[in-house]
2 protein chains.
Amino acid sequence: MNDPVPAPGAGTAGLDRLLSPQSIAMVGASDNVGSIGGQVFANLVRAFDGPVYPVNAKGGQVQGVTASTSIMDLPQAVDMAVVAVPAPHVPAVIEACGAKGVGGVTLITSGFAEAGPEGAALQDEVAAAARRGGVRVIGPNCIGYMNLAGGVMANFALPPTTPLPPTGPVALVSQSGGFGSYITTKAILAGLRLGWFVSTGNEVDVNIAAVLRYLVELEATRVLMVFSETLRDPELFIDAAVRAAELDKPLVLLKAGRSDEAARAALSHTASIVGSARAMDAVCRQYGVFVVSTMEEMLDLGMIFQDGRRVRDRRVGIMTTSGGAGVLLADASASVGLAVPELPEDEQQAMRDVMPVPFYGSTTNPVDTTAQVVRMPESFEKVLNAVGGSRVVDMILPVIWAAPGPTTDALIEFYQSTAKPVAITSTAWLDVLQEAGVPTYTDPQRAARALAAVAQLSLRSLDFSTLSSWKPDRVRAESARALLSTAAGRPTVLESTSKEVLAAYGVPVTREEMAHDVVEAVEAALRLGGPVALKVMSYDLPHKSESGAIRLGVKGADAVVAAYEDMMAEVRRRAPDAVIEGVLVSEMAPSRLELTCGLQRDPVFGPIVAVGLGGVLIEILSEASMLRAPFGLEEARRLVGDMMGGRLARSPRGLGEAEQVEVARVMVGLSELSLELEEIAEIDVNPILVADGSVRAADALIVFAP
Amino acid sequence: MNDPVPAPGAGTAGLDRLLSPQSIAMVGASDNVGSIGGQVFANLVRAFDGPVYPVNAKGGQVQGVTASTSIMDLPQAVDMAVVAVPAPHVPAVIEACGAKGVGGVTLITSGFAEAGPEGAALQDEVAAAARRGGVRVIGPNCIGYMNLAGGVMANFALPPTTPLPPTGPVALVSQSGGFGSYITTKAILAGLRLGWFVSTGNEVDVNIAAVLRYLVELEATRVLMVFSETLRDPELFIDAAVRAAELDKPLVLLKAGRSDEAARAALSHTASIVGSARAMDAVCRQYGVFVVSTMEEMLDLGMIFQDGRRVRDRRVGIMTTSGGAGVLLADASASVGLAVPELPEDEQQAMRDVMPVPFYGSTTNPVDTTAQVVRMPESFEKVLNAVGGSRVVDMILPVIWAAPGPTTDALIEFYQSTAKPVAITSTAWLDVLQEAGVPTYTDPQRAARALAAVAQLSLRSLDFSTLSSWKPDRVRAESARALLSTAAGRPTVLESTSKEVLAAYGVPVTREEMAHDVVEAVEAALRLGGPVALKVMSYDLPHKSESGAIRLGVKGADAVVAAYEDMMAEVRRRAPDAVIEGVLVSEMAPSRLELTCGLQRDPVFGPIVAVGLGGVLIEILSEASMLRAPFGLEEARRLVGDMMGGRLARSPRGLGEAEQVEVARVMVGLSELSLELEEIAEIDVNPILVADGSVRAADALIVFAP
């Protein structure tokens, strides 16, 4: 690809001038408000308090302001210049910006890497000019950005004729300008208070990770939402995620390009390659990023997160005028892991005192007031406050018909008086509710899911200490390298050596000895005791079972002799050219469950350690849990505890406590190994036998990087 | 519970007079339009063409019409009477309706089974009066119904002051009146054309299944949507589902009461018990019902189904002005199983001819016109028609900003000119699109899922022939009963006998013989050949492994003797009182995969046969596929092919074709057995060993009904 490498360490340097400027110029500002250059200029002028200078090659008046003909003629070195001139002129403009001392450029023009090889070459010129001049660049092929608190409307995402939305704590970052502005439009309709929208387009310099890393530190920004197609700087993204978690600011990610179909589309429209969706999901889970699968879910979370409320437990109080809605909300709550506790009897009695007579509803929870209460505003208010004030309720799910009136007023008042999160289910959005900032949803499931996200955010325990504290162990790495040296020049490492290397990293492996003839094999088997496995070690036979190079469960001297001879004969017949290094004699470890653990290097995120069910089920279930290295034992143990939705740990015949720790230890071993021995591309530990509180790696294969 | 049993076979008899009346009375009609009795009467009068008679104990004028003081004084035996008088008066009113010859009653009053034992007793009186008088009753505790084509607004779901919505092909049935009217309100907002909304409340007589069975036969009704808490007549529901499938009318179900929390809520508000959610899901899948998990998903499907379009394949054409939106739509399409094929080169060339110059978008699919095309209405229209007309596209997914104008007009015109399904993603609903009936969604994923539902509806192959053609085999049942008689009076059947019974139903079992001493065991083992399993048969030891009553993989006479003695000693020690019937000597069948198959009797749906992964994984994965008996071999084979999302069949080491058929045969055996031998409550066949194209039941337990 033609993506230029960002200057090392550039990160967020200089982004303050670019994104929070005190002075602005626009190159390509147009008097025609129907054109993009006219729209952006009109947006700049209407929102910005400081100076906005139009630059236009023809000079003259632009929307009533006298234009300079060149950036060099500006009366000052502006912090930020918007550039919207035809692509071929852009490199020269960037060059001039550098010469003039402009801080950063918002480059709106299209026709670069997304437009084929010529455009890509032009984009490289832009990158070079920016680097030379020390100018940070957003874009090209973007829709610009909006910083409402700073008064910067450097975009054509919103037409200059629509009213400026009020600023707020939510920041949206999107590579795609078009879809980003789509989300922006919808977000404003939905009542989200956006303080920022930044589109990064082709990301010749500034990418979404850098923008996130910049925004996360701003005090006014309390919720981060990102629509991403490609992640160009995974380290910086993780850094932003970690900072967001440390500052208790939720980061919500909508990732496009998960399917082959979408990857093709992404490639054709920004010339960018999408990463592995599964690695992305795993990394997000590890660093506390909320991954959503639809745009509306992103907005739903933004809506509940924007008021910054938190909970101490996951108990929800449901209030409805319809029993059926109550049942559906209870279902929805349970399906996302929220509890719907019965209310204490004294609280129920207090509610019954204000309910209609006769009362055919329910006060347990869901509290069903019946529809009559809609005509009894005082009762409605009292019940609402009783549910909200209940000592067993952490958050509240009321259902309403969208109609302004006393019940809506009561809801707004209640929302403003409580510190507990509230998510209203309504037939439609209501202006009064949105203006008051009351989180409102049009479906019970969406309301419940939003509250569940608040619970997750409030109650999660993330620990990133390993990320900063982990240090390589040079002594261990050297001794592992000595073991690996026996395989120098080969693509893979023998099972026997692979397990020695793993053992050096604390991975429990089967007891075993290498034998070079049948006599040594028998002696080894007798020393090990019990039934043994015999396996032919050969660099030419990495997949032993395919060539008959393995015998399992052999017990007693005679049986070992027979199995050994039989196996060697079969291998000589099926793989006559294989050079045999010896025969590995291993104990047969007990096994109630088989797991597998592996190391892969993701092209985007680097070393990823995966754990999953073993045997034939790997392929069938193909569900693995993953962590990016480095990580600590406790992180790994938590992941193992959550395998298969927690069922593997919960099941009476599943993984016991001690076994979970042992499996976690295997993962940590692979993690440390991946960081200390970069020459290793891949490791496959399969099967890991689990029984009686301990685990044992029964086979392992290390593959070198080519 | 206090639910009365509906008169046998009542089903839909008389529903025509109740739901499509030619004359109407209202008992409890009120002059106060703020009251329920006033609202319903106003609704009746404004919509109905025929006579509407108010009945009011005080007589006088009701909203300008002279009221009768009693139903007996009406000038005719009306087809339908709405009843909204206080609960204690209702039995007498129903009695009078019967005496007068009224066809049916819409009973709106609350205070019956949902209000405790007294109300339940009153409801029983209503049921008795209705049966005596031959009056069909909807309700009580409902919100009434709406039949727009028939001009019947017998409800207070919509206020009489709002305009009457236009009629249409969609029918909504809901037990819950409150939530039903909520969905109705939202449906009308979303542009659904509802012809019917029926709420059934406490279902003293008419239940949702009966209403569905009635509505499905109406020509004008082409889409059925149901919100259900309890299914009181599962047979009639299945009958309605089968008719819907036969008539190619989609039936969409939103089921409440899936969780314990919701079950408690349901119990408290309609005094009704919810069934097993998993059995319900399985039955719906089997009979072609679309099960949704949220209200909005139900409306989304109603929206795409209401124009009745169908497809021949699942290929989607995506048109967008934003590359990012295209990537997200491609993802969304792939995630619901739709294909996004590249367009043929000639079609792409034709599009490029009308695209902006220079063109930085894409014509492959997603077709990304770039935002410039929004200002080129002619190009927009041509590209839209090209994508829609493509020979590799079955349905179309366009993305638009919600703004009236030429592109919206072009979309409407295109929609009306094509027979292919179209689902638009828009930032918001647009009146013009809704009035034109163009299916519009506010999220890419929701639009894609709607089209996927059309594909599923169009391309599915349902076969209900077994349901009507299956006949019991009395000879087979008698011989099975003879085998079972050896266990008469016991709660369970011995493994050996259980497998003989299963074998009689065509289930392949392991070869085996019963031995009564060690000599017989050795002889049996030698006759079977190869390694064998030894299992102690005792009615006192249904769980053999817990009492040491099993030895596996025993080979050779000496080993059989040793294992036999050892096992018997262990059993005598661990279960000294167990009466031993013999020792079962079985072949050790080969096994690449272990499955399990079981029969359970669901309290709502009756015999359900389940199949899933066996061994320790049953508990961990707890994912089973189920069919309600009776079903045919092909139905079962399709289910087995879809196990674990199809992965079990697709995986190279998963279930082969022949093995799938054999597993299906086991399921059919259990199905037939469940219908012929009603004394059997439960069967557990576990494990079923799968290898080399065949399957063998290695253990089985039959449990009698208490």
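A: A crossing is called right-handed if the near helix is turned clockwise from the far one by less than a right angle, and left-handed if anticlockwise. The model is predicted, and local features need pLDDT of at least 70, side-chain atom pairs count only at pLDDT 80 or more, and totals for chains, interfaces and linings use all residues. Residues are numbered from 1 along each chain as its sequence is written, with chains lettered from A and ligands numbered from 1 in the order in which they are written.

In chain A, helix α20 (residues 518-528) and helix α21 (residues 557-574) have axes that come within 9 Å and cross at roughly 135 degrees; helices here are DSSP runs of H or I with at least four residues, numbered from the N terminus, and axes are lines fitted to C-alpha atoms over the stretch in contact, with angles from 0 to 180 degrees between N-to-C directions. The two helices are therefore oblique to each other, a class left over once angles under 35 (roughly parallel), over 145 (roughly antiparallel) and 65 to 115 degrees (roughly perpendicular) are set aside. α20(A) passes α21(A) in a right-handed crossing.

On the α20(A) side the contact is made by A:V518, A:A521, A:V522, A:A525 and A:L526, and on the α21(A) side by A:A557, A:V560, A:V561, A:Y564 and A:E565, where contact means that C-beta atoms, placed from the backbone, lie within 7 Å. Among these residues of α20(A) and α21(A), 9 are nonpolar, none is polar and 1 is charged, Ala, Val, Leu, Ile, Met, Phe, Trp, Tyr, Cys and Pro counting as nonpolar, Asp, Glu, Lys and Arg as charged, and the others, Gly among them, as polar.

Beyond this pair, 73 residues of chain A are in contact with 73 residues of chain B.

How values were computed: Contact = placed C-beta atoms within 7 Å.
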